[in-house]
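Colleague: I would like to learn how to read salt bridges in a model such as this one. Could you take me through them step by step?

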Amino acid sequence: MTEEKDMNCAYCAKGDLVNAFAYEICELPASTVYVFRDQTHPGRCVVASKHHVSEMTDLSKEDREAFIEDVNTVSKAIHAVYHPAKVNYGMFGDTGHHLHCHLVPKYKDKEEWGGTFVMNYSQDKIGDEEAKVIADKLRPYILNK
(Lines give C-alpha, C1' and ligand atoms only; values in the text may rest on other atoms or scores of the structure.)
Protein backbone atom coordinates (compact mmCIF):
# COMPACT_ATOMS: atom_id res chain seq x y z
CA MET A 1 0.00 0.00 0.00
CA THR A 2 1.43 3.35 -0.98
CA GLU A 3 -0.06 6.69 -0.16
CA GLU A 4 1.28 10.15 0.40
CA LYS A 5 2.27 11.31 3.84
CA ASP A 6 0.57 14.42 5.19
CA MET A 7 3.28 16.67 6.59
CA ASN A 8 0.63 18.53 8.62
CA CYS A 9 -0.06 15.24 10.44
CA ALA A 10 1.95 14.72 13.62
CA TYR A 11 2.38 10.99 13.00
CA CYS A 12 3.58 11.54 9.42
CA ALA A 13 5.80 14.56 10.09
CA LYS A 14 7.13 13.26 13.41
CA GLY A 15 9.60 15.73 14.95
CA ASP A 16 8.17 18.58 16.99
CA LEU A 17 4.55 17.85 16.02
CA VAL A 18 4.46 14.40 17.60
CA ASN A 19 6.96 15.25 20.35
CA ALA A 20 4.43 17.66 21.82
CA PHE A 21 2.36 14.71 23.08
CA ALA A 22 4.43 11.55 22.58
CA TYR A 23 7.93 10.09 22.75
CA GLU A 24 9.00 7.48 20.21
CA ILE A 25 9.84 4.02 21.56
CA CYS A 26 10.44 2.06 18.36
CA GLU A 27 9.25 1.00 14.93
CA LEU A 28 7.30 -2.21 14.36
CA PRO A 29 6.37 -3.75 11.01
CA ALA A 30 3.12 -1.77 10.61
CA SER A 31 3.46 1.04 13.12
CA THR A 32 5.48 3.41 15.23
CA VAL A 33 5.11 3.03 18.99
CA TYR A 34 5.12 5.99 21.37
CA VAL A 35 4.97 6.71 25.10
CA PHE A 36 2.03 9.09 25.60
CA ARG A 37 3.24 12.09 27.60
CA ASP A 38 0.14 12.04 29.84
CA GLN A 39 1.13 9.19 32.16
CA THR A 40 -1.85 9.44 34.52
CA HIS A 41 -2.17 5.76 33.60
CA PRO A 42 1.40 4.43 33.96
CA GLY A 43 2.56 2.74 30.78
CA ARG A 44 0.14 4.49 28.43
CA CYS A 45 1.26 4.21 24.81
CA VAL A 46 0.11 5.04 21.30
CA VAL A 47 0.54 2.74 18.30
CA ALA A 48 0.37 4.75 15.06
CA SER A 49 -0.01 3.14 11.66
CA LYS A 50 2.81 3.66 9.16
CA HIS A 51 0.07 4.44 6.62
CA HIS A 52 -1.65 7.83 6.60
CA VAL A 53 -5.21 6.57 6.57
CA SER A 54 -8.21 7.62 8.64
CA GLU A 55 -9.98 4.28 8.96
CA MET A 56 -8.96 0.67 9.45
CA THR A 57 -11.16 -0.06 6.46
CA ASP A 58 -8.74 2.00 4.34
CA LEU A 59 -6.01 -0.60 4.91
CA SER A 60 -5.58 -3.82 3.00
CA LYS A 61 -6.42 -6.98 4.94
CA GLU A 62 -2.71 -7.70 5.37
CA ASP A 63 -1.88 -4.18 6.58
CA ARG A 64 -4.86 -4.19 8.96
CA GLU A 65 -3.82 -7.55 10.45
CA ALA A 66 -0.23 -6.33 10.81
CA PHE A 67 -1.41 -3.17 12.60
CA ILE A 68 -3.57 -5.15 15.04
CA GLU A 69 -0.65 -7.53 15.66
CA ASP A 70 1.51 -4.51 16.57
CA VAL A 71 -1.20 -3.30 18.99
CA ASN A 72 -1.26 -6.78 20.54
CA THR A 73 2.55 -6.80 20.88
CA VAL A 74 2.54 -3.47 22.71
CA SER A 75 -0.32 -4.58 24.95
CA LYS A 76 1.65 -7.66 25.99
CA ALA A 77 4.65 -5.44 26.78
CA ILE A 78 2.52 -3.12 28.93
CA HIS A 79 1.11 -6.11 30.82
CA ALA A 80 4.60 -7.56 31.35
CA VAL A 81 6.12 -4.31 32.65
CA TYR A 82 3.22 -2.57 34.45
CA HIS A 83 0.85 -5.41 35.42
CA PRO A 84 -2.40 -3.44 34.93
CA ALA A 85 -5.75 -5.01 35.76
CA LYS A 86 -6.90 -4.09 32.21
CA VAL A 87 -5.70 -2.28 29.12
CA ASN A 88 -8.28 -0.07 27.41
CA TYR A 89 -7.94 0.56 23.67
CA GLY A 90 -9.03 3.81 22.08
CA MET A 91 -9.05 4.51 18.36
CA PHE A 92 -10.17 8.04 17.68
CA GLY A 93 -9.61 10.37 14.79
CA ASP A 94 -12.29 13.01 14.76
CA THR A 95 -9.68 15.74 14.41
CA GLY A 96 -6.44 13.91 13.62
CA HIS A 97 -7.07 11.69 10.62
CA HIS A 98 -4.23 9.20 11.05
CA LEU A 99 -5.03 5.70 12.24
CA HIS A 100 -3.67 5.19 15.75
CA CYS A 101 -4.60 3.32 18.91
CA HIS A 102 -4.20 4.52 22.50
CA LEU A 103 -3.33 1.68 24.88
CA VAL A 104 -4.36 2.84 28.34
CA PRO A 105 -3.44 0.62 31.30
CA LYS A 106 -6.11 0.70 33.99
CA TYR A 107 -5.48 -0.08 37.67
CA LYS A 108 -8.22 -0.89 40.17
CA ASP A 109 -6.83 1.50 42.79
CA LYS A 110 -6.09 4.39 40.40
CA GLU A 111 -7.83 7.11 38.38
CA GLU A 112 -10.87 6.26 36.29
CA TRP A 113 -11.21 2.59 37.21
CA GLY A 114 -14.62 1.43 36.06
CA GLY A 115 -15.04 4.19 33.49
CA THR A 116 -13.82 5.32 30.13
CA PHE A 117 -10.42 6.98 30.18
CA VAL A 118 -10.11 10.69 29.55
CA MET A 119 -8.00 11.65 26.55
CA ASN A 120 -5.78 14.09 28.48
CA TYR A 121 -6.51 13.52 32.14
CA SER A 122 -3.52 15.48 33.39
CA GLN A 123 -2.21 18.75 32.06
CA ASP A 124 1.19 17.77 33.45
CA LYS A 125 3.07 16.03 30.66
CA ILE A 126 6.25 14.06 31.26
CA GLY A 127 9.47 15.25 29.65
CA ASP A 128 11.93 13.34 27.49
CA GLU A 129 13.92 12.01 30.45
CA GLU A 130 10.90 10.39 32.10
CA ALA A 131 9.56 9.18 28.75
CA LYS A 132 12.92 7.59 27.94
CA VAL A 133 12.80 5.61 31.19
CA ILE A 134 9.37 4.23 30.23
CA ALA A 135 10.48 3.55 26.64
CA ASP A 136 13.59 1.74 27.87
CA LYS A 137 11.45 -0.51 30.10
CA LEU A 138 8.98 -1.38 27.35
CA ARG A 139 11.28 -1.62 24.32
CA PRO A 140 12.83 -5.05 25.09
CA TYR A 141 9.36 -6.58 25.51
CA ILE A 142 8.04 -4.91 22.37
CA LEU A 143 11.01 -6.00 20.29
CA ASN A 144 11.31 -9.38 22.06
CA LYS A 145 14.93 -8.72 23.03
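**Reading the salt bridges**

Modeller: E65 forms a salt bridge with K61, and their closest N and O atoms are 2.8 Å apart; the term stands for a side-chain nitrogen of Lys or Arg within 4 Å of a carboxyl oxygen of Asp or Glu. This is a predicted model, in which local features need pLDDT of at least 70 and side-chain atom pairs count only at pLDDT 80 or more, while totals for chains, interfaces and linings use all residues. Residues are numbered from 1 along each chain as its sequence is written, and side-chain values use heavy atoms, with hydrogens and water left out.

Colleague: How many salt bridges does the rule give?

Modeller: The count comes to seven salt bridges.

Colleague: What separates E65 and K61 in helix α3?

Modeller: They are four residues apart in that helix, so about one helical turn lies between them; helices (H or I, at least four residues) and strands (E, at least two) are DSSP runs, numbered from the N terminus.

Colleague: Which residues does E27 pair with?

Modeller: E27 forms a salt bridge with K14, the closest N and O atoms being 2.6 Å apart. Because K14 lies in the loop between α1 (10-13) and α2 (15-19) and E27 in strand β1 (residues 22-27), the pair ties together parts that are 13 residues apart in sequence. The side chain of E27 also meets that of K50 in a salt bridge (3.3 Å, N to O), and this pair links distant parts of the chain, 23 residues apart, with K50 in the loop between β3 (45-49) and α3 (61-82).

Colleague: Which residues are linked in a network of salt bridges?

Modeller: The network links K14, E24, E27 and K50.
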